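Subject: Handing over a structure, with notes

Dear colleague,

Please find below the structure that I promised to pass on to you. Could you keep it open while you read the notes that follow it?

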Amino acid sequence: MSVNYYELPLSYFAAIKNWAISPGFPKESFYYDRAITSRCLECHASYVAIKITQKSTFSKDEEMEKGAIIYGIDCERCHGPGKQHVVFHMENPEEKTAKFITLYKTLTRKQKMDVCAVCHSGNTLVAQRSVFGFQPGDDLEAYYSQDFTGFGGGNIDVHGNQSAMLEGSNCYRKSENMTCQSCHNTHENIKGNLSLYSQRCINCHKSTSHSKATLAKGSLRTNCIDCHMPKESSKLITFQQAGKDHLSPYRLRSHHIAIYPVINK
(Lines give C-alpha, C1' and ligand atoms only; values in the text may rest on other atoms or scores of the structure.)
Protein backbone atom coordinates (compact mmCIF):
# COMPACT_ATOMS: atom_id res chain seq x y z
CA MET A 1 0.00 0.00 0.00
CA SER A 2 1.36 3.41 -0.97
CA VAL A 3 0.93 6.70 0.87
CA ASN A 4 1.85 10.36 0.45
CA TYR A 5 3.25 12.68 3.13
CA TYR A 6 2.54 16.40 3.45
CA GLU A 7 4.11 19.23 5.44
CA LEU A 8 1.84 21.12 7.82
CA PRO A 9 1.79 24.93 7.53
CA LEU A 10 2.66 25.30 11.23
CA SER A 11 5.84 24.04 12.90
CA TYR A 12 7.21 24.15 16.43
CA PHE A 13 10.56 25.95 16.58
CA ALA A 14 12.73 24.92 19.52
CA ALA A 15 14.82 28.09 19.12
CA ILE A 16 11.88 30.32 20.05
CA LYS A 17 9.92 27.68 22.02
CA ASN A 18 6.80 28.52 20.07
CA TRP A 19 4.76 27.70 17.01
CA ALA A 20 5.25 29.64 13.77
CA ILE A 21 4.45 29.36 10.10
CA SER A 22 6.55 26.64 8.49
CA PRO A 23 9.40 27.87 6.24
CA GLY A 24 8.26 28.64 2.71
CA PHE A 25 4.55 28.99 3.51
CA PRO A 26 2.81 32.35 2.87
CA LYS A 27 1.37 34.09 5.91
CA GLU A 28 -1.78 35.15 4.04
CA SER A 29 -3.22 31.67 3.51
CA PHE A 30 -2.83 28.06 4.58
CA TYR A 31 -2.78 24.98 2.40
CA TYR A 32 -2.26 21.34 3.20
CA ASP A 33 -1.03 19.70 0.00
CA ARG A 34 2.68 20.61 0.14
CA ALA A 35 4.28 17.25 -0.53
CA ILE A 36 7.15 15.78 1.47
CA THR A 37 9.12 13.91 -1.18
CA SER A 38 11.75 11.21 -0.88
CA ARG A 39 14.35 13.92 -1.61
CA CYS A 40 13.33 15.67 1.63
CA LEU A 41 13.60 12.41 3.56
CA GLU A 42 17.03 11.61 2.13
CA CYS A 43 18.43 14.12 4.64
CA HIS A 44 15.74 14.09 7.33
CA ALA A 45 15.24 10.34 7.67
CA SER A 46 17.18 7.11 7.16
CA TYR A 47 15.14 5.35 4.49
CA VAL A 48 11.83 5.15 2.69
CA ALA A 49 10.74 2.78 -0.07
CA ILE A 50 9.13 4.56 -3.00
CA LYS A 51 6.99 3.62 -5.97
CA ILE A 52 7.38 5.63 -9.21
CA THR A 53 4.53 5.79 -11.70
CA GLN A 54 5.09 7.28 -15.17
CA LYS A 55 2.11 9.62 -15.63
CA SER A 56 3.14 10.99 -19.02
CA THR A 57 6.19 11.35 -21.23
CA PHE A 58 7.60 14.15 -19.08
CA SER A 59 6.12 13.57 -15.63
CA LYS A 60 6.31 10.95 -12.91
CA ASP A 61 4.28 10.42 -9.77
CA GLU A 62 5.98 9.32 -6.56
CA GLU A 63 4.33 7.41 -3.75
CA MET A 64 5.90 5.98 -0.62
CA GLU A 65 5.38 2.49 0.69
CA LYS A 66 3.32 2.51 3.87
CA GLY A 67 5.32 1.38 6.89
CA ALA A 68 8.61 1.48 4.97
CA ILE A 69 9.92 4.75 6.39
CA ILE A 70 12.70 4.76 8.99
CA TYR A 71 12.52 8.03 10.92
CA GLY A 72 15.58 9.80 12.29
CA ILE A 73 19.18 9.08 11.36
CA ASP A 74 20.28 5.55 12.19
CA CYS A 75 23.68 3.88 12.44
CA GLU A 76 23.65 2.66 8.83
CA ARG A 77 23.68 6.19 7.38
CA CYS A 78 27.22 6.59 8.73
CA HIS A 79 28.50 3.03 8.99
CA GLY A 80 26.87 1.30 6.01
CA PRO A 81 24.60 -1.77 5.94
CA GLY A 82 24.63 -3.46 9.34
CA LYS A 83 22.75 -6.76 9.01
CA GLN A 84 25.91 -8.87 8.77
CA HIS A 85 27.42 -6.89 11.65
CA VAL A 86 24.45 -7.57 13.95
CA VAL A 87 24.18 -11.26 13.04
CA PHE A 88 27.91 -11.86 13.49
CA HIS A 89 28.14 -10.21 16.91
CA MET A 90 24.99 -11.88 18.19
CA GLU A 91 26.51 -15.22 17.24
CA ASN A 92 29.97 -14.23 18.53
CA PRO A 93 29.37 -12.06 21.65
CA GLU A 94 32.95 -12.54 22.80
CA GLU A 95 34.29 -10.73 19.71
CA LYS A 96 34.75 -7.04 20.59
CA THR A 97 36.28 -5.86 17.29
CA ALA A 98 33.58 -4.45 15.01
CA LYS A 99 33.01 -6.58 11.92
CA PHE A 100 31.10 -5.94 8.70
CA ILE A 101 30.57 -2.22 9.18
CA THR A 102 32.62 0.75 8.05
CA LEU A 103 34.92 2.21 10.70
CA TYR A 104 35.63 5.92 10.35
CA LYS A 105 39.31 5.51 11.12
CA THR A 106 39.69 3.46 7.93
CA LEU A 107 38.33 6.26 5.67
CA THR A 108 40.32 8.98 3.93
CA ARG A 109 39.73 12.61 4.82
CA LYS A 110 37.55 13.18 1.76
CA GLN A 111 35.54 10.04 2.45
CA LYS A 112 34.87 11.20 6.00
CA MET A 113 33.72 14.61 4.76
CA ASP A 114 31.53 13.00 2.10
CA VAL A 115 29.65 10.98 4.72
CA CYS A 116 28.62 14.18 6.50
CA ALA A 117 28.08 16.12 3.27
CA VAL A 118 25.39 13.67 2.17
CA CYS A 119 23.03 15.74 4.34
CA HIS A 120 25.11 18.82 5.19
CA SER A 121 26.04 20.19 1.76
CA GLY A 122 23.30 22.72 1.14
CA ASN A 123 20.58 23.49 -1.36
CA THR A 124 22.51 24.10 -4.57
CA LEU A 125 22.84 20.39 -5.33
CA VAL A 126 20.84 18.19 -7.66
CA ALA A 127 20.64 14.51 -6.79
CA GLN A 128 21.66 12.33 -9.74
CA ARG A 129 20.50 9.24 -7.86
CA SER A 130 19.08 8.58 -4.42
CA VAL A 131 21.59 9.14 -1.63
CA PHE A 132 19.80 6.40 0.32
CA GLY A 133 22.16 4.22 -1.70
CA PHE A 134 25.27 6.10 -0.52
CA GLN A 135 27.66 4.02 1.56
CA PRO A 136 30.71 5.27 3.49
CA GLY A 137 33.67 5.23 1.11
CA ASP A 138 31.60 6.18 -1.94
CA ASP A 139 32.44 9.31 -3.93
CA LEU A 140 29.66 11.81 -3.26
CA GLU A 141 30.22 13.41 -6.66
CA ALA A 142 28.63 10.30 -8.16
CA TYR A 143 25.39 11.23 -6.38
CA TYR A 144 25.25 15.03 -6.54
CA SER A 145 25.92 17.74 -9.09
CA GLN A 146 25.98 21.48 -8.52
CA ASP A 147 23.16 23.74 -9.74
CA PHE A 148 24.10 27.35 -9.06
CA THR A 149 20.86 28.63 -10.60
CA GLY A 150 18.61 26.68 -8.26
CA PHE A 151 17.35 27.17 -4.72
CA GLY A 152 19.81 29.43 -2.94
CA GLY A 153 21.36 30.78 -6.14
CA GLY A 154 24.72 29.18 -5.49
CA ASN A 155 25.39 31.23 -2.36
CA ILE A 156 26.62 29.28 0.64
CA ASP A 157 23.91 29.63 3.26
CA VAL A 158 24.29 29.01 6.97
CA HIS A 159 21.39 26.55 6.75
CA GLY A 160 22.35 23.08 5.60
CA ASN A 161 25.73 23.79 4.01
CA GLN A 162 28.06 23.20 6.93
CA SER A 163 30.52 21.10 4.93
CA ALA A 164 31.27 23.80 2.35
CA MET A 165 31.53 26.47 5.06
CA LEU A 166 34.03 24.38 6.99
CA GLU A 167 36.07 23.55 3.88
CA GLY A 168 36.36 27.28 3.15
CA SER A 169 37.86 27.96 6.57
CA ASN A 170 41.59 28.43 7.05
CA CYS A 171 41.45 25.95 9.93
CA TYR A 172 40.43 23.28 7.44
CA ARG A 173 42.53 24.42 4.49
CA LYS A 174 45.75 24.64 6.51
CA SER A 175 45.21 21.27 8.15
CA GLU A 176 45.93 17.89 6.64
CA ASN A 177 43.47 15.91 8.73
CA MET A 178 40.73 18.19 10.08
CA THR A 179 37.20 16.87 9.43
CA CYS A 180 33.75 17.32 10.95
CA GLN A 181 34.71 14.62 13.47
CA SER A 182 37.52 16.81 14.80
CA CYS A 183 34.84 18.68 16.75
CA HIS A 184 31.74 16.49 16.52
CA ASN A 185 31.17 13.00 17.85
CA THR A 186 27.79 11.71 16.73
CA HIS A 187 27.78 9.25 19.63
CA GLU A 188 27.64 12.01 22.24
CA ASN A 189 25.22 14.83 22.82
CA ILE A 190 27.07 18.02 23.72
CA LYS A 191 24.97 20.44 21.66
CA GLY A 192 25.21 23.91 23.13
CA ASN A 193 28.23 23.09 25.30
CA LEU A 194 30.39 25.96 24.05
CA SER A 195 33.06 25.39 26.71
CA LEU A 196 33.69 21.83 25.56
CA TYR A 197 33.76 22.80 21.89
CA SER A 198 36.16 25.62 22.75
CA GLN A 199 38.56 23.12 24.32
CA ARG A 200 38.70 21.39 20.96
CA CYS A 201 39.69 24.70 19.38
CA ILE A 202 42.44 25.14 21.96
CA ASN A 203 43.78 21.65 21.22
CA CYS A 204 45.11 23.13 17.96
CA HIS A 205 45.34 26.82 18.87
CA LYS A 206 47.45 26.49 22.01
CA SER A 207 48.96 29.94 21.55
CA THR A 208 46.78 32.74 20.27
CA SER A 209 46.93 36.52 20.22
CA HIS A 210 43.93 38.77 20.65
CA SER A 211 43.34 42.49 20.35
CA LYS A 212 42.71 44.62 23.44
CA ALA A 213 39.05 44.95 22.42
CA THR A 214 38.71 41.18 22.27
CA LEU A 215 40.55 40.64 25.53
CA ALA A 216 38.14 43.05 27.20
CA LYS A 217 35.29 40.68 26.44
CA GLY A 218 36.78 37.96 28.67
CA SER A 219 35.94 34.22 28.70
CA LEU A 220 38.35 33.56 25.84
CA ARG A 221 39.25 30.02 26.87
CA THR A 222 35.66 28.97 27.54
CA ASN A 223 33.94 30.45 24.53
CA CYS A 224 35.84 30.59 21.24
CA ILE A 225 32.65 29.67 19.41
CA ASP A 226 30.52 32.83 19.64
CA CYS A 227 33.39 34.91 18.24
CA HIS A 228 34.77 32.59 15.56
CA MET A 229 31.60 30.68 14.61
CA PRO A 230 28.83 33.22 15.30
CA LYS A 231 25.16 32.60 14.72
CA GLU A 232 23.97 34.11 11.43
CA SER A 233 20.59 34.61 9.81
CA SER A 234 19.72 32.22 7.02
CA LYS A 235 19.11 33.87 3.66
CA LEU A 236 16.79 31.01 2.70
CA ILE A 237 14.64 30.44 5.77
CA THR A 238 12.57 32.82 7.87
CA PHE A 239 9.45 32.25 9.94
CA GLN A 240 6.34 34.20 10.83
CA GLN A 241 5.31 34.29 14.48
CA ALA A 242 1.75 34.79 15.65
CA GLY A 243 0.91 38.40 16.41
CA LYS A 244 3.92 39.81 14.57
CA ASP A 245 3.85 41.57 11.20
CA HIS A 246 7.51 41.05 10.34
CA LEU A 247 9.38 37.88 9.47
CA SER A 248 11.75 36.56 12.13
CA PRO A 249 15.22 35.44 11.05
CA TYR A 250 16.21 31.81 11.41
CA ARG A 251 19.63 31.98 13.05
CA LEU A 252 22.09 29.10 12.88
CA ARG A 253 25.70 28.54 13.86
CA SER A 254 28.12 29.40 11.05
CA HIS A 255 30.63 26.67 10.28
CA HIS A 256 32.93 29.07 8.47
CA ILE A 257 35.60 29.42 11.16
CA ALA A 258 37.13 32.89 10.84
CA ILE A 259 38.05 36.15 12.55
CA TYR A 260 34.87 38.22 12.66
CA PRO A 261 34.59 41.91 13.64
CA VAL A 262 34.18 42.49 17.37
CA ILE A 263 30.66 43.73 18.04
CA ASN A 264 30.01 45.61 21.25
CA LYS A 265 26.68 44.51 22.67
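A word on accessibility comes first: a residue is called buried when its relative accessible area is under 20%, exposed when the value is over 50%, and partly exposed in between, as found with a 1.4 Å probe and protein chains only. You are looking at a predicted model, in which local features need a pLDDT of at least 70 and side-chain atom pairs count only at pLDDT 80 or more, while totals for chains, interfaces and linings use all residues. Residues are numbered from 1 along each chain as its sequence is written, and side-chain values use heavy atoms, with hydrogens and water left out.

**The protein as a whole**

The pLDDT, which is the predictor's confidence in each residue on a scale from 0 to 100, has a mean of 86 for the protein, and 91% of the residues reach 70 or more. The secondary structure comes to 9 helices and 13 strands, where helices (H or I, at least four residues) and strands (E, at least two) are DSSP runs numbered from the N terminus. Among these elements, helix α3 (residues 83-91) has the highest mean pLDDT, at 96, whereas helix α8 (residues 212-215) has the lowest, at 66. The C-alpha trace spans about 65 × 60 × 35 Å along its principal axes, and of the 265 residues in the protein, 28% are buried.

Rings of Phe, Tyr and Trp (for Trp, its six-membered ring) form a pair if their centres lie within 6.5 Å, and the pair is stacked when the planes are under 30 degrees apart, edge-to-face when they are over 60, and tilted for the rest. The structure holds 8 aromatic pairs. One of them is stacked, because the rings of Phe13 and Phe239 have their centres 4.5 Å apart and their planes at 25°. Since Phe13 lies in strand β3 (residues 10-13) and Phe239 in strand β12 (residues 231-240), this pair ties together parts that are 226 residues apart in sequence. Phe13 is buried, with a relative accessible area of 7%, and Phe239 also counts as buried, at 3%.

Phe13 has a further aromatic pair with Tyr250, which is edge-to-face, with 6.0 Å from centre to centre and 70° between the planes. This pair, too, links distant parts of the chain, as Tyr250 is in strand β13 (residues 247-253), 237 residues from Phe13.

**Strands and their pairing**

Two strands are said to pair if DSSP finds at least two bridges between them. The strands β12 and β13 run antiparallel and are joined by 6 bridges, with Glu232 standing opposite Leu252 in β13. Together β12 and β13 form a hairpin with 6 residues between them, and Gly243 in the turn has a positive phi of about 80°.

Elsewhere there is an open sheet of 3 strands in the order β1-β8-β7, with antiparallel pairing. Its edge strands are β1 (2-3) and β7 (50-54), each of which pairs on one side only. Between β7 and strand β8 (residues 60-65) there are 5 bridges, and Ile52 has Glu62 in β8 as its bridge partner.

**Two buried residues in helices**

Contact here means heavy atoms within 4.5 Å. Ser38, which is placed in helix α1 (residues 38-44), counts as buried at 10% relative accessibility. Leaving out residues up to four places away in sequence, Ser38 touches Val48, Ile50, Glu62, Met64 and Phe132.

In helix α4 (residues 109-117), the buried residues are Met113, Asp114, Val115, Cys116 and Ala117, and the buried residues of α4 pack against α2 (76-79), β11 (144-146), α5 (162-167) and α6 (170-173). Asp114 has a relative accessible area of 9%. Apart from its neighbours within four places in sequence, Asp114 is in contact with Phe134, Asp138, Asp139 and Leu140. Asp114 and Phe134 are 20 residues apart in sequence, and their C-alpha atoms are 9.7 Å apart in space.

With best wishes
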